[in-house]
Amino acid sequence: MTATPAEFAPPRRDQPCPCGSGQTFTQGCEPILTQQRPAATAEQLMRSRFTAHVARDYAHLHRTYLKTAHEPYTPEDDPAPTSWTRLVIHSHDLGNKPDTAFVDFTAYYQEGTAEQALHEKAEFQRIEGTWLYTRPVRQGPAPIKSTESKVGRNDPCPCGSGKEYKQCCLRKA
């Protein structure tokens, strides 16, 4: 069931942080949300952004998104807030440049009686020492890559004829 504003309770300081880090809210995302300290990694920023969605701290989402970080924040009504339930980080990888990183994650939310998933690979940039969410690179799970090697033109034909692939089955194809 979707939480209504009356049912909403912000994260409690002594309870596990909603980001799934295993720390309490006080040890995990609260210092980042309250700007007591910056996120040290792109993964920490991703976790704090998820917690901001849970806590409905839209100002944190605004200031940690590259496109809006330098614009003044104007609060807006959220008529149908999403009830976020949990976050799973699949990977945190550094990019080709030292100030770029990627976080592959799944954020789960409640819709009616069913739990739904949002799977995304997101790009983050560190600008002047501060990590910012820049864009989604991919939505959905990573594409499946074939682990089988391809037959080369000059390799023996896989049909077992003893001929080169180009002189046998490649011709037939």
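E43 and R47 both belong to helix 2 (residues 42-55), where they are 4 residues apart, about one turn of the helix. Helices (H or I, at least four residues) and strands (E, at least two) are here DSSP runs, numbered from the N terminus. The model is predicted, so local features need pLDDT of at least 70 and side-chain atom pairs count only at pLDDT 80 or more, whereas totals for chains, interfaces and linings use all residues. Residues are numbered from 1 along each chain as its sequence is written, and side-chain values use heavy atoms, with hydrogens and water left out.

E43 and R47 form a salt bridge, their closest N and O atoms being 3.1 Å apart; the term denotes a side-chain nitrogen of Lys or Arg within 4 Å of a carboxyl oxygen of Asp or Glu. By this rule, the count is 8 salt bridges. R47 is buried, with a relative accessible area of 15%, while E43 is partly exposed at 22%. Buried means under 20% relative accessible area, exposed over 50%, and partly exposed in between (1.4 Å probe, protein chains only).

A further salt bridge joins the side chains of R13 and E30 (3.0 Å, N to O). This pair links distant parts of the chain, 17 residues apart: R13 lies in the segment before helix 1 (30-33), and E30 in helix 1. E30 counts as buried, at 13% relative accessibility.

D99 and R126 also form a salt bridge, with 2.9 Å between the closest N and O atoms. D99 lies in the loop between strand 1 (83-94) and strand 2 (100-111) and R126 in strand 3 (residues 114-127), so the pair ties together parts that are 27 residues apart in sequence. D99 is partly exposed, with a relative accessible area of 34%, and R126 counts as partly exposed at 30%.
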